[in-house]
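Please read the points below with the sequence and the structure side by side. They are meant for someone who is meeting this chain without earlier notes.

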Amino acid sequence: MVETVCSRTHRLYGQDLDVKAVSNHSETACQLERGEHIPFKTPSAVEISDLDEKKLHYLIKSPLSRQTVEKLLKTMYGKPAWPEKSKSCSLTIQCTLTAEAENWQMLARKWEANVKEKLHRYLDLLLVTKHPILPEAFPLVVDKLKGLNISNPNAVAVVLEKSTHVLYVTGHKKAVKELSKQVDDIIDLIYTSHRFTQGKVLKP
């Protein structure tokens, strides 16, 4: 369609115009077709800033999951630069693509989209559950959690936010669902045994 439009005669103020479609991708394709040499340029690092903070925190604190993500991104010529602070919602991925890679021109054009898709697919496998707790019950729940037996500790993590009295369970879906059920049971047990309700302690 674009080629058809460009092939027509276009005039402006009595002068013939030379109309061409210009884009990086089409220019590269034409260069390849003409056999021209295309200098290699490593794609710039990409910062993905729309990540779930709790999921990213889990990845940073979980060596096994972090290694898994690194291996996945490596297949896409990506290397994550893990943030020093655990509370972050962005991750920078550096490109490791070189001119020695087969079809590097195509890989370079699609690199950013590919690493984003690969990372988001992995994050979709994770789950975050939120458990608000009454301030007066919070230390009791935390103390009870210390003796909790977690069947798969590498697949799940518990994050406590003392300032807001909220507990988050983060990790792989199956493990999170199992642990979240245990957390809910503990909260219910504490509330019942200490007669907590709506932020108040009921008098016997």
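1. Ala 157 stands opposite Thr 170 in β8, and Val 159 stands opposite Tyr 168 in that strand. The two strands concerned, β7 and β8 (residues 166–172), run antiparallel and are joined by six bridges, where strands are taken to pair if DSSP finds at least two bridges between them. Strands here are DSSP runs of E with at least two residues, helices are runs of H or I with at least four, and both are numbered from the N terminus.

2. The model is a predicted one, in which local features need pLDDT of at least 70 and side-chain atom pairs count only at pLDDT 80 or more, while totals for chains, interfaces and linings use all residues. Residues are numbered from 1 along each chain as its sequence is written, and side-chain values use heavy atoms, with hydrogens and water left out.

3. On confidence, pLDDT is the predictor's confidence in each residue, from 0 to 100; its mean over the chain is 83, and 78% of the residues reach 70 or more. Residues 21–35 call for care, since pLDDT stays under 50 there and the model has ten contacts beyond four places in sequence for this stretch, a contact being heavy atoms within 4.5 Å.

4. The strands of the first point belong to an open sheet of three strands, in the order β6-β8-β7 with antiparallel pairing. Its edge strands are β6 (126–132) and β7 (156–161), each of which pairs on one side only, and the twist averages 15 degrees from one strand to the next. In the hairpin of β7 and β8, where four residues lie between the strands, His 165 takes a positive phi near 55 degrees.

5. Helix α3 (residues 53–61) packs against α4 at an angle of about 100 degrees, with the axes 5 Å apart; axes are lines fitted to C-alpha atoms, for helices over the stretch in contact, and angles run from 0 to 180 degrees between N-to-C directions. This makes α3 roughly perpendicular to α4, a term for angles of 65 to 115 degrees. Tyr 58, Leu 59, Ile 60 and Lys 61 of α3 meet Pro 63, Ser 65, Arg 66 and Val 69 of α4.

6. Ser 65, found in helix α4 (residues 63–74), counts as buried because its relative accessibility is 2%. Not counting residues up to four places away in sequence, Ser 65 touches Tyr 58, Leu 59, Tyr 122, Asn 154 and His 172.

7. Most residues other than glycine have a negative phi. Tyr 77, in the loop between α4 and β4 (78–81), has a positive phi near 60 degrees, and its 29% relative accessibility makes it partly exposed. Asn 103, in the loop between β5 (91–95) and α5, has a positive phi of about 55 degrees and is partly exposed at 46% relative accessibility.

Note on methods: Buried means under 20% relative accessible area, exposed over 50%, partly exposed in between (1.4 Å probe, protein chains only). Angles under 35 degrees count as roughly parallel, over 145 as roughly antiparallel, 65 to 115 as roughly perpendicular and the rest as oblique.
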